[in-house]
Amino acid sequence: MKILVCISHVPDTTSKINFTDGDSKFDTNGVQFVINPNDEFGLTRAMWFKEKQGANVDVVNVGSSETEPTLRKALAIGADSAIRVDATPTDGFFVAKQLAKVAKEGGYDLIIAGRESIDYNGGMVPGMLAKLLNANFINNCISLEIEGDTAKAVREIDGGKESLSTKLPLVIGGQKGLVEEKDLKIPNMRGIMQARKKPMNKVEADETSPISEAVKFEKPAPKGEVKLVDADNLDELIDLLHNEAKVI
Amino acid sequence: MSVLIYTESEEGKFKKAAFEVASYAREVANQLGTNVTALSVNVDDASELGKYGVDKVLNVKNDKLNKFNAEAFANVLKQAAQKEESKVIVLSQTANDKYLAPLLAVELEAGYASNVTALPESTEPFIVKRSAFTNKAFNFTQLNSEVKIVGLAKNAYGLKENQAEASVEEFSPELSEDNFNITVESVDKVSDKVTIADAETIVSGGRGLKGPENWGMIEEMAEILGAATACSKPVSDMGWRPHSEHVGQTGKPVASNLYIAIGISGAIQHLAGVNAAKTKVVINNDPEAPFFKAADYGVVGDAFEVVPKLNEKLKEFKAKNA
């Protein structure tokens, strides 16, 4: 089985979010970048398929050379080789097109992406990629088993879950649940040493024009001060929630 | 040219998200000087949408569509969009809508903006405001394609009544075998509890509650308020509560009217996930807890003393205001 894991290179979850150039660009100054958490669950699941079922696992990112340390980390976790499409990821459709090209050329059976990146929260790349490849697609995937060319998956729905079955080739939008948080792999020294020798292939981007663009950014209005209510005067809290906030 | 909306339903009845999408689309249609057409699937009384300004409903009756299937539903929407020559399509951001939206976008070569929080800032060019960086910022996205898909964030616009006479037409799109390559084997849905996705109020507990055995008072408050229960990430990681209750950056997003955080300190990842809640209340014994900076109302006190007292008072309040 050949697996491709799509890796988004995103600011660490604790990063301060600021913008530059007249609020038109994300300010990367002092920001630590990591593997997108939703992708990391998928990558760890892919490692399970590698260890138990002998799968071959490649990772891919669409980005500039600055994303290579993030891909290198995925190699240290255990992926076999990395592919970087040398381009600035402009919008979800552009990224999906680039990934589709890599996926077609590589002939993958299973493509794992995160349900969304934690920076733009677009949530569209996995579905678009599946459609471009004419592959089956399962979003919000929280469990995945593969046997032969059959996949059994569980999808999170509003208020529950749904068990699904389908055939490969398959694209999933994965999230926490594919593996548990405690099972996420942290690269060890041996992995880090091996990763240095693994292939990091740079490929040219396909010519595609984006169909949407981020024109500007804005930070939420600063919040007013919290109104503190004395623990011995909870009637006041109920009054505020009823008459001021009008939520009870 | 009408604005097309997909109005999600369950067992023949519209979900609240359907009415919110209709309310929003009515105003967008006014801006564009056109009508609103809704697509519904296996709904008993589709004319209900008229209340929220829908002019026409294409109601599909097909037993093959009793269970949601993203590929098939995207195909149905595509045919509706072509029939109506729609240039703007509005979807909600339920799990199902988020699933089908990118498929539809590729089918129609449409630009798609998800998590949209307000009416278009302009329609020419078409620019919408959306939340990004998990609610830590907003991003204005310009869609340059001929067809545009807007994913309206939950609870971002609210319900607005706008009486119209919705004419209901039967619509029979063509479906192919390929649309059903994914088989739904079983659905496991909690039916007797309010879900985080649908809840107006959420009562959430954190590590400050010391153990799963202390969740009785959280569940009691949820019951009094008709709320869903939720928890912070460490609580779900330790297995005190199921993963499906984890709210925050890597868990479920929250956009309820009221969010009550009990014994949750307010790590940045948690706050990001609950920022879209309209009113936030925090109960914590540590006055330095970061959640106090993000909340609207706060009580500094021991949850084990405050919560049972508050539950009693809420019960009295509910009894009086029933």
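1. A residue is counted as buried if 20 or more other C-beta atoms lie within 10 Å of its own. In this predicted model, K97(A) is buried because 23 other C-beta atoms lie within 10 Å. The residue belongs to helix α3 of chain A, which covers residues 92–106. Leaving out residues up to four places away in sequence, K97(A) touches L132(A), D206(A) and T208(A).

2. Chain A as a whole may be described next. Its secondary structure comes to 6 helices and 15 strands, and its C-alpha trace spans about 65 × 45 × 40 Å along the principal axes. Of the 248 residues of chain A, 49% count as buried. Among the contacts in chain A with a separation of 6 or more, 71% are between residues 24 or more positions apart.

3. An open sheet of 10 strands, with mixed pairing, draws on both chains; its order is β13(A)-β7(A)-β6(A)-β1(A)-β8(A)-β12(A)-β9(A)-β10(A)-β11(A)-β13(B). The edge strands are β13 (200–204) of chain A and β13 (183–189) of chain B, each of which pairs on one side only. From one strand to the next, the twist averages 30°. Within this sheet, β8 (residues 110–114) and β12 (residues 170–174) of chain A run parallel and are joined by 5 bridges. In this pair, I112(A) stands opposite I172(A) of β12(A).

4. The contact between the chains takes 59 residues from chain A and 70 residues from chain B. On the side of chain A that touches chain B, the elements giving two or more residues include α4 (125–133), β14 (212–218) and α6 (234–244) of chain A. The most is given by β11(A), with 8 residues. By class, this side of chain A divides into 26 nonpolar, 16 polar and 17 charged residues.

5. Two further arrangements bring elements of the two chains together. Strand β14(A) pairs in the antiparallel sense with strand β10 (residues 137–143) of chain B, over 6 bridges; S212(A) stands opposite L143(B) in β10(B).

6. The domain assignment of chain B gives domain 1 (3–180) and domain 2 (201–320). Their centres, taken over C-alpha atoms, are separated by 33 Å. In domain 1 of chain B, 7 residues are in contact with 6 residues of domain 2 of chain B. The side of domain 1 that touches domain 2 has 1 nonpolar, 4 polar and 2 charged residues.

7. The largest nonpolar core has 174 residues, and those with the most contacts inside it are V5(A), L129(A), A22(B) and V90(B). This core lies between domain 1 (3–180) and domain 2 (201–320) of chain B, because both domains give residues to it. Apart from neighbours within four places in sequence, V90(B) is in contact with V3(B), I5(B), V21(B), Y24(B), A25(B), V28(B), V150(B) and L152(B). In soluble globular proteins, nonpolar side chains tend to be buried together.

Notes: Residues are numbered from 1 along each chain as its sequence is written. Chains are lettered from A and ligands numbered from 1 in the order in which they are written. This is a predicted model: local features need pLDDT of at least 70, side-chain atom pairs count only at pLDDT 80 or more; totals for chains, interfaces and linings use all residues. Domain bounds come from an automatic or database domain assignment. Two residues are in contact if their C-beta atoms, placed from the backbone, lie within 7 Å. Ala, Val, Leu, Ile, Met, Phe, Trp, Tyr, Cys and Pro count as nonpolar, Asp, Glu, Lys and Arg as charged, and the others, Gly among them, as polar. Two strands pair if DSSP finds at least two bridges between them. Helices (H or I, at least four residues) and strands (E, at least two) are DSSP runs, numbered from the N terminus. Axes are lines fitted to C-alpha atoms, for helices over the stretch in contact, and angles run from 0 to 180 degrees between N-to-C directions. A nonpolar core is a set of buried Ala, Val, Leu, Ile, Met, Phe, Trp, Tyr and Cys residues joined through C-beta atoms within 7 Å. A residue is buried if 20 or more other C-beta atoms lie within 10 Å of its own, exposed if 12 or fewer, and partly exposed in between; C-beta atoms are placed from the backbone.
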